[in-house]
Amino acid sequence: FPSHDRIIYNMTQHLYHLENVEMPRYRNMEEQEMINVDLRIQYLDSLLTEEDLKIKIQRRNKKLMFNQNMMEVLQMYYDVMLDFLNELLIQLENNKEDWKDFFDRTKKLREYTLENINKIKTVYNYKASLNHLVFSHTV
């Protein structure tokens with residue numbers, strides 16, 4: 001089992017990675033609506049049939065909704081994990097840390113987050129694993 005210092009370091013590293021690498025993949029998808037302009041132009045130029053246009057827009061909208069849902073879950077997870085970490089650091093400063101409580105709360109948050117990610121994956125028929133997005137202090 002990793003040391004407490006190592007857990008704090010790993011958690012901090014994980015949150016930094018989540019915020020700066022993983023979450024941007026799901027962020028700023030509002031621009032996706034503007035991207036559909038290219039499809040409409042292709043349709044007007046007779047490069048796409050009406051059916052192809054509908055299919056491509058539906059696929060983009062599905063991806064947009066998937067990304068928005070994922071971003072909401074990841075933002076919630078990130079905010080709560082950061083709160084947990086900050087609380088722990090304050091406890092450490094005051095020599096009143098409660099590691100059991102910390103581990104219990106992070107475990108519950110991990111389970112809740114994975115449950116919601118799996119619901120999103122089911123709704124959007126997404127097959128790839130996304131478990132790497134949540135922190136496990138046993139790693």
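Tutor: Begin with burial. A residue is buried when its relative accessible area is under 20%, and exposed when that area is over 50%. Threonine 106 has 4% relative accessibility, so it counts as buried. Threonine 106 is found in helix H4. Keep in mind that this is a predicted model.

Student: Which residues does threonine 106 touch, not counting residues up to four places away in sequence?

Tutor: Contact means heavy atoms within 4.5 Å. By that rule threonine 106 touches Met11, Met81, Phe84 and His137. Now take a distance between C-alpha atoms. Threonine 106 and methionine 23 are 83 residues apart along the chain, and their C-alpha atoms are separated by 19 Å.

Student: What is the mean pLDDT of the chain?

Tutor: pLDDT is the predictor's confidence in each residue, from 0 to 100. The chain has a mean of 90, and 92% of its residues reach 70 or more. Then look at the elements. Helix H4, residues 99-123, has the highest mean pLDDT, 96. Helix H2, residues 31-44, has the lowest, 82.

Student: How many residues does H4 have, and what span is expected?

Tutor: H4 has 25 residues. From first C-alpha to last, H4 reaches 36 Å, close to the 36 Å expected at 1.5 Å a residue.

Student: Which residues of H4 are buried, and which helices do they pack against?

Tutor: An α-helix has 3.6 residues a turn, so residues three or four places apart point the same way. In H4 the buried residues include Trp99, Phe102, Phe103, Thr106, Leu109 and Thr113. Further along, Leu114, Asn116, Ile117, Ile120 and Lys121 are among them too. The buried residues of H4 pack against helix H1 (4-22) and helix H3 (50-93).

Student: How is the packing of two helices described?

Tutor: Two packed helices are described by the angle between their axes and the distance between the axes. Here the axes of H1 and H4 come within 13 Å and cross at roughly 35°. H1 passes H4 in a left-handed crossing. On the H1 side, His4, Ile7, Ile8 and Met11 make the contact. On the H4 side, the contact is made by Trp99, Phe102, Phe103 and Thr106.

Student: How many aromatic pairs does the structure hold?

Tutor: Six. One of them joins tryptophan 99 and phenylalanine 102. Their centres are 5.7 Å apart, with 85° between the planes, and the pair is edge-to-face. Both residues lie in helix H4, three residues apart, about one turn of the helix. Tryptophan 99 is at 12% relative accessibility, so it counts as buried. Phenylalanine 102 is at 3%, so it is buried as well.

Student: Why is the pair of phenylalanine 102 and phenylalanine 103 called tilted?

Tutor: The ring centres are 5.8 Å apart and the planes stand at 55°, so the pair is tilted. Both phenylalanine 102 and phenylalanine 103 are buried.

Student: Which residues do ring pairs link into a cluster?

Tutor: Tyr26, Phe66, Tyr124 and Tyr126. Take phenylalanine 66, which lies in helix H3. It counts as buried because its relative accessibility is 7%. Leaving aside neighbours within four places in sequence, phenylalanine 66 is in contact with Tyr26, Ile120, Tyr124, Tyr126 and Leu130. Its C-alpha atom is separated by 30 Å from that of serine 46, 20 residues apart along the chain.

Student: Is asparagine 36 buried or exposed?

Tutor: Asparagine 36 has a relative accessible area of 4%, so it is buried. Its place is in helix H2. Beyond its neighbours within four places in sequence, asparagine 36 is in contact with Ile57, Arg60 and Asn61.

Student: What should I look for in backbone angles?

Tutor: Most residues other than glycine have a negative phi. Asparagine 95 has a positive phi, near 55°. Its place is in the loop between H3 and H4. With 67% relative accessibility, asparagine 95 counts as exposed.

Student: Where is asparagine 125 found?

Tutor: In the segment after H4. Asparagine 125 has a positive phi of about 55° although it is not a glycine. At 51% relative accessibility, asparagine 125 counts as exposed.

Definitions and conventions:
Residues numbered from 1 in each chain as written. Predicted model: local features only at pLDDT ≥ 70, side-chain atom pairs only at ≥ 80, totals over all residues. Heavy atoms only, no water. Helix = DSSP H or I, 4+ residues; strand = E, 2+ residues; numbered from the N terminus. Expected span 1.5 Å × (residues − 1). Buried < 20%, exposed > 50% of the residue type's maximum accessible area, 1.4 Å probe, protein only. Phe/Tyr/Trp six-rings, centres within 6.5 Å; stacked < 30°, edge-to-face > 60°. Axes fitted to C-alpha atoms, helices over the stretch in contact; angles between N-to-C directions. Left-handed = near helix turned anticlockwise from the far one by under 90°.
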